[in-house]
Amino acid sequence: NESPSSKQQAKSDFKRKVAFLMSGGDSCGMNASIRAIVRVAIAKGCDAYAVYEGYQGLVTGNELIKKMEWNDVAGILSTGGTAIGTARCKEFRERSGRLKACYNLVSLGIDSLIVNGGDGSLTGADIFRSEWNGLLQELVDSGKITADLAKRHQHLSIVGMVGSIDNDMVGTEMTIGANTSLHRIVEAIDSISSTASSHQRAFIIEVMGRHCGWLALMASLATGADWLFIPEAPPAETWEEDMCDVLKKHRQLGKRKVIIVVSEGALDRNNQPIKCEKIKDVLSKKLNYDTRVTTLGHVQRGGFPTAFDRILATLQGSKAVEEVLSSSENKPSPLIAYNENKITCVPLMEAVQMTLAVAKAVEAKDFKRAFELRDPDFRAAYEISESLVLNKKVLEESKTSVKIAILNCGAPCAGMNAATRAAVRYGLHKGYIVYAVYNGFDGLINGDFKEMKWMDVDGWTMKAGSELGVNRTLPVKNLGMVAYQMQKFGIQGLIIVGGFEAYTSLAKLEENRPNYPAFCIPMVCIPATVSNNVPGTEYSIGSDTALNAIVEACDTIKCSASASRNRVFVVEVQGGRCGYLATLGGLASGAVRTYIHEEGITLNDISNDVDHLKKHFHEDKRIGRIVLRNESVSDTYTTEVLSNIFQEEGTPLFDSKTAVLGHLQQGRIPSPMDRIRGTRFAVLSMQFIENWLGKDITSDSAVVLGIQQGHVVYTPVQSLVKEADAKMRRPKDQWWLSIRPLLKLLAKYDQ
Ligand code: ATP
């Protein structure tokens, strides 16, 4: 008869054991992936093992391979770097090192390994897998392990993830850590911009990226830099003159500062490095500019992870566990990727080989090929950045008679100013007259139009809110006046930047085309709202900044809650009746519960949640807990009421306080993503209008510009009417609802 403890032992022996390690350079978000891997693995009935110090931990074994419990990963979601260390390990490059690694894994009964690293680490993992059977045989032959043990673990499952600040892996649109790094760069450039402007200085800023210009390109777009150097796009032979011409023109127009962003791997057409000192020489000698160089270095790696990186790493960590568990001998190892707004899998070695091919193409001066291998978003961003740089052709082009107006409406949000700036600059480069309409539809009705000059929008990428001013007035009752003013100013194209109001207004104008010829022009709505509730797009400008504001606030609140040892904070977030901010904010800040309007709240829910919180505090009192509540989820169970119930029912185990984030969520400084999306959407809107000029207007010429599954889409506004829940002011179909089960799992609800 088996004793209960030997039964337990046997059960544990056959439990699937999943190990994971971080390797190569660290990146922010790695900790979120560790947390997700451990919790999802445990939730799926596996044991999770952390391998400390990268492959060195595999080779050394012993205390460097440690079984993780649920609460071992508590509190790491918000921290940068990696809690289990990362390293480069020479020994693992040799078969003898990998033999030790095989022994250390198999003797613990582990045959599943998740590796988070760069192309080198993933290549190492693939070699390890291909040698696994041979390594096992060698261990059996030398008597180190039994044939039975080898038989039980004859297949090694490998799953790769990419933690890299460079965003240099082909096959995935984003790598873990790149977004945070971009935040650090943009913060630094913003800080440099003010001193550059005060002293009329030129600053040359070197950012990381040996073979990949993603960080430099995106930072340049987000900060409105004057010039950019990246490895994939070496400048023309005449770059020194070209750059000086543009900078001179900028000064003539009144710009006081010069910002030049240089990728550390930037090259000229002869494959010679373009270094900051060389650019400084050019500016000093040819333009006599007071020029400084700033190399950002390792600040780019550090700090707290952004909302995006936490979410990406969490979703990818969860997917990695699923993949490792469904792996089979004949299936190639997968790489967990992010494409078209989905967590996907691509064959690991194909992605590695394509990544190496980019470096080779650059080396071989095949820049066209290098560019083609990068993902379409990268190429699109480069084209947009080009279209906003004044070049000789643009400077000489004469004015046309095309008149385009842009207005902001609804509530303010981050990225609106970046959109206005890009629309104005792009329009001026094309010789158009661009009118800014102040104070939304009220301003339009009152004829509050201003013809914008190039310098009028200088520095607007980094400004939060709306410089044009917004309000919630819809054109509904004053359509006649709207038409009159548009006709008076001869508007041939209209861009409306805003949230649900902007979409509703556009639908109204389009619907009234038969009554008012002034509306028979191309019109575009750029979705911009913290709530992310506009139909026709998966993302609105402003929602990324809002998520980051929520995450920052929750991190701070959590510190206070943890210090008190026994506190639950009920944090109220915006969103109207759309639970996007609560859900994604909850995932990124590690909330134990999120309440959203789409699901509602019942008394039964609250009672379960009280029990759940008690369970949490019984297990660990050191950690404060966050509950996120969407502002409109219930008229009865308000933030205050929920907190009072938790306080009453939780005493003496825990108490409860509230925090209403309110307008703080609009953000003080727009996130890089919102600036880039604002800029990109505005240029695309201008091009959309351009394409319709002179053509017969149909309903396809009034669109909501959006991102759907990673692609930019232009959806005719009338076709969106059936996709929108007008009463609830949100799309009927919301992609992010599928994330909610994971949110519950990570908060231990399903256990
Ligand atoms: P990063 O992009 O941050 O540099 P990386 O994963 O490319 O990350 P590498 O230094 O190339 O960084 O590799 C990290 C570790 O992965 C190495 O120290 C080594 O232990 C292992 N590794 C890399 N290449 C191989 C290989 N060909 N065979 C076995 N192990 C390897």
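User: Hi! How many helices and strands does the protein chain have?

Analyst: Hello! In this predicted model, the protein chain has 26 helices and 25 strands. Its radius of gyration is 28 Å, close to the 27 Å that the globule rule gives for 751 residues, so the chain is as compact as a globular protein of that length.

User: What box do the C-alpha atoms fill?

Analyst: Taken along the principal axes, the box is roughly 95 × 70 × 45 Å.

User: And what share of the residues is buried?

Analyst: Buried residues make up 52% of the 751 in the protein chain.

User: Okay, new topic: the ligand. Which residues are closest to it?

Analyst: The closest are Gly24, Gly25, Gly118, Gly120 and Gly124, out of 17 residues that surround the ligand.

User: Which helix gives the largest share of that shell?

Analyst: That is helix H5, residues 119-141, which supplies six residues of the shell.

User: How many of the shell residues are nonpolar, polar or charged?

Analyst: Four are nonpolar, ten are polar and three are charged.

User: Over how many bridges do E19 and E20 pair?

Analyst: Three, in the parallel sense, with E20 covering residues 625-630. If you want a spot to look at, Arg593 stands opposite Val627 in E20.

User: Let's switch to E11 and E12. Do they pair in the parallel or antiparallel sense?

Analyst: Antiparallel, over six bridges: E11 spans residues 334-339 and E12 spans residues 342-347. In this pair, Pro334 stands opposite Pro347 in E12.

User: How do strands of a sheet pair, in general?

Analyst: They pair through backbone hydrogen bonds, and the arrangement is either parallel or antiparallel.

User: Last one: which residue in the hairpin of E11 and E12 takes a positive phi?

Analyst: Glu340 does, with a phi near 50°. This hairpin has two residues between the strands.

Key: Residues numbered from 1 in each chain as written. Predicted model: local features only at pLDDT ≥ 70, side-chain atom pairs only at ≥ 80, totals over all residues. Near = placed C-beta within 6 Å. Helix = DSSP H or I, 4+ residues; strand = E, 2+ residues; numbered from the N terminus. Nonpolar A, V, L, I, M, F, W, Y, C, P; charged D, E, K, R; others polar. Pairing = 2+ DSSP bridges. Rg over C-alpha atoms; globule rule 2.2 N^0.38 Å. Buried ≥ 20, exposed ≤ 12 C-beta atoms within 10 Å, placed from the backbone.
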